[in-house]
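Me: I have a structure open and want to learn how to read its features. Can we go through them in turn?

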Amino acid sequence: MRVMHVITRLIVGGAQENTVASVLGLSRKPDLAVRLISGPTTGPEGSIESQIATVPDLLFIVPELVRPVHPWKDVLALRRLSAVFRAQQPEIVHTHSGKAGILGRIAARRAGVPIIIHTIHGPSFGRFQNPLANAVFRSAERYAGKFTTHFVTVARAMTEQYLAAGIGRPPQYTRIVSGFPLGPFLAAKEDPELRQRLGIGPGEFILGKIARLSKLKGHDDLLAVAPPLVQRCPQMKFLLVGDGPWRHRLEHRARSLGLGNHFIFAGLIPPHEVPRYVGIMDALVHLSLREGLPRALPQALAAARPVVAYDCDGAREICLQDETGFLLPPGDLRGLTERLVQLARDAALRQRLGQRGQHLVQQWFGVERMVDDLHRLYLKLMTKRQ
């Protein structure tokens, strides 16, 4: 069975890590021949191309497939993808991300690919953007949805949002959570050398956040509650893992609040190093206003670290109120402050929430389970066509 995955770019991010892990795992199945098509990887978010580029004939780059809307390049990318699908004749084309999701599905239809699958890693429309952009993206998703055989969603919230927008029918949706290698996170522990390198002293409470330093990720809200948090918990420090266009702005704001010594900007960390950083966190906060099901939450819970998150998209499916952490309405700064103070002061509570979360993640988020679920879906869809 020939399967071709398509994604816009391979930056360091949840959708990209999910796709690479899926492709690598599926390529080991004896009945599958798998390839991954991607556009060029550019920008400050880093690249994970190296994880897959060393596997012969697995990665194929289409230079015209770029993230911004670019009419001429988009037409060229569509033609290139259509030509590749006609030449390779895959039984399944499986698309990921916004631009590749639209162009890849249109190209697959033009090339006569029998099964077209799209994974919804996060919403392409919603309250996070203006009405005009929502109308454009919703229309594009409805159009591509007409010839999409099946949708994979990383969270039930994505299924509900897309069905509510008139995209597809319930039997066309399957939830497969975004798995990852659990071992390094299960083994994560305190690392005195790393703490010392980052300037973290004994007994300091480390609140972590793993996200690109960009719009919609909630860093402004964290900075807004930082002064009262530090006033009530002077031992608290904030460890920000990630990089992006807002870095200098956020660093400047932290200094202007007189909290430069309390914020640690770790920068862009390779995915294999993330468990080491999670190991020195006491809790993780996730305040994004646009996600599918953020991988940072199950990764922290795999290391038995409790989480605090805004109730956005799929966060409630892993951040279970009073079980694995605390779920808050977006923008509830008072509630955010109180919950973080509560965690900082109660080690037994952190342990209880973290252990419950670790058990939950072990059940659902192993990368092997994700790959096996995708493989079963492919076989099911192929059987239906026979």
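Me: Let's start with C319. Is C319 buried or exposed?
Reply: This is a predicted model, so take every value as computed from it. C319 has a relative accessible area of 1%, so it is buried. The cut-off for buried is under 20%.

Me: What is the relative accessibility of C233?
Reply: It is 1%, so C233 counts as buried too.

Me: How many disulfides are there?
Reply: The general idea first. A disulfide is a covalent bond between the sulfur atoms of two cysteines. To call one here, the two sulfurs must lie within 2.5 Å. The count for this structure is 0. For C233, the nearest cysteine sulfur belongs to C319, 19 Å away. For C319, the nearest is that of C312, at 12 Å.

Me: Now the aromatics. What describes a ring pair?
Reply: Two values: the distance of the centres and the angle of the planes. This structure has 6 aromatic pairs. Take F151 and Y173: their ring centres are 4.7 Å apart and their planes meet at 15°, so this pair is stacked.

Me: Which parts does the pair of F151 and Y173 tie together?
Reply: Strand β6 (residues 150-153) holds F151, and strand β7 (residues 173-175) holds Y173. The pair therefore ties together parts 22 residues apart in sequence. Both F151 and Y173 are buried.

Me: Which residues do ring pairs link into a cluster?
Reply: F180, F185 and F365.

Me: Where does a charge sit over a ring?
Reply: Look at R339. Its charged end sits over the ring of F326, 4.0 Å from the centre. R249 lies over the face of W246, 4.2 Å from the ring centre.

Me: Last, a helix. What span should α9 have?
Reply: With 14 residues at 1.5 Å a residue, α9 should span 20 Å. Its end C-alpha atoms are 20 Å apart, which agrees.

Me: Where does α9 bend?
Reply: At A226, by about 40°. A proline, P227, follows within four residues.

Me: Which residues of α9 are buried?
Reply: H219, L222, L223, V225, A226, L229 and V230. They pack against several elements, including β8 (205-210), β9 (236-241) and α13 (333-345).

Me: What does H219 touch?
Reply: H219 lies in α9 (residues 219-232) and, at 3% relative accessibility, counts as buried. Leaving out residues up to four places away in sequence, H219 touches K209, A211, R212, L213, S214, L240 and L250.

Notes: Residues are numbered from 1 along each chain as its sequence is written. This is a predicted model: local features need pLDDT of at least 70, side-chain atom pairs count only at pLDDT 80 or more; totals for chains, interfaces and linings use all residues. Side-chain values use heavy atoms; hydrogens and water are left out. Buried means under 20% relative accessible area, exposed over 50%, partly exposed in between (1.4 Å probe, protein chains only). Rings of Phe, Tyr and Trp (its six-membered ring) pair if their centres lie within 6.5 Å; planes under 30 degrees apart count as stacked, over 60 as edge-to-face and the rest as tilted. Helices (H or I, at least four residues) and strands (E, at least two) are DSSP runs, numbered from the N terminus. A charge sits over a ring if NZ of Lys or CZ of Arg is within 6 Å of the ring centre and within 35 degrees of the ring normal. Contact means heavy atoms within 4.5 Å. The expected span of a helix is 1.5 Å times one less than its number of residues. The bend at a residue is the angle between axes fitted to the seven residues ending there and the seven starting there.
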